[in-house]
Amino acid sequence: AADRFWDLHVHQHMQVIVGDRLRPEGAKDSFGVAQARAKLAESYAIADRTWAAEVRDDFTIADCAAAPALFFAQKLVPIDAYPTLAAYYARLRARPSVARTFDEAAPYLAMFPGA
């Protein structure tokens, strides 16, 4: 299903980068991080849809999966070079339910090792 794309091809690669930032010096995996960054770029390049599922022009569970994945991933690997994805993310962030969720998470973002 379309929601799995965000989990497997965006969130999972983002988590590799975050995990590496949590590792102690001398235990970093620069090769794994480079691979994850490349995979994120590949995923961004194919994520050019109006809504994530694109079954119809409506908000679906796939968009719910995309919101946190893109929220964190774009802090590590910016989406600026992917204008369709950036526009999708802007629409996603503008949804009241998504905006409220991000606003409520704001006090905790200082703990994210990717900013």
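**Close-up A. Arg23 and its salt bridge to Asp20.** Arg23 has a relative accessible area of 37%, so Arg23 is partly exposed (on this scale buried is under 20%, exposed is over 50% and partly exposed lies in between, with a 1.4 Å probe and protein chains only). Its side chain meets that of Asp20 in a salt bridge, 3.8 Å from N to O. To count as a salt bridge, a side-chain nitrogen of Lys or Arg has to sit within 4 Å of a carboxyl oxygen of Asp or Glu. Asp20, with a relative accessible area of 10%, is buried. A note that goes for every view: this is a predicted model, where local features need pLDDT of at least 70 and side-chain atom pairs count only at pLDDT 80 or more, while totals for chains, interfaces and linings use all residues. Residues are numbered from 1 along each chain as its sequence is written, and side-chain values use heavy atoms, with hydrogens and water left out.

**Close-up B. The other salt bridges.** The structure holds three salt bridges. One of them joins Asp7 to Arg4, with the closest N and O atoms 2.9 Å apart. These two are three residues apart in helix H1, which means about one helical turn separates them. Asp7 is partly exposed at 30% relative accessible area, and Arg4 is partly exposed at 40%. Over in helix H2, Glu42 and Lys39 are also three residues apart, or about one helical turn, and their side chains meet in a salt bridge at 3.8 Å, N to O. Glu42 comes out partly exposed at 48% relative accessibility, and Lys39 gets that label at 38%. As a reminder, an α-helix has 3.6 residues a turn, so residues three or four places apart point the same way.

Close-up C. Helices here are DSSP runs (H or I, at least four residues; strands are E, at least two), numbered from the N terminus. Among the buried residues of H1 are Val10, His13, Met14 and Ile17. The buried residues of H1 pack against H2, H3 and H4, where contact means heavy atoms within 4.5 Å.

**Close-up D. The buried side of helix H4.** Leu85, Tyr88, Tyr89 and Leu92 are the buried residues of H4. They cover an arc of only 100° around the axis, so they sit on the same side of H4; the arc is that of the directions from the helix axis to the C-beta atoms. Pro83 and Ala94 are exposed on the other side of H4. The cover over the buried residues includes helices H1 (2-22), H2 (30-46), H3 (61-76) and H5 (96-105).

**Close-up E. Aromatic rings.** Rings of Phe, Tyr and Trp (its six-membered ring) pair if their centres lie within 6.5 Å; planes under 30 degrees apart are stacked, over 60 edge-to-face and the rest tilted. By this rule there are six aromatic pairs. Phe5 and Trp6 have ring centres 5.1 Å apart and planes at 90°, so this pair is edge-to-face. Phe5 is buried at 18% relative accessibility, and Trp6 is buried at 4%. Phe71, Phe72, Phe102 and Phe112 form one aromatic cluster.
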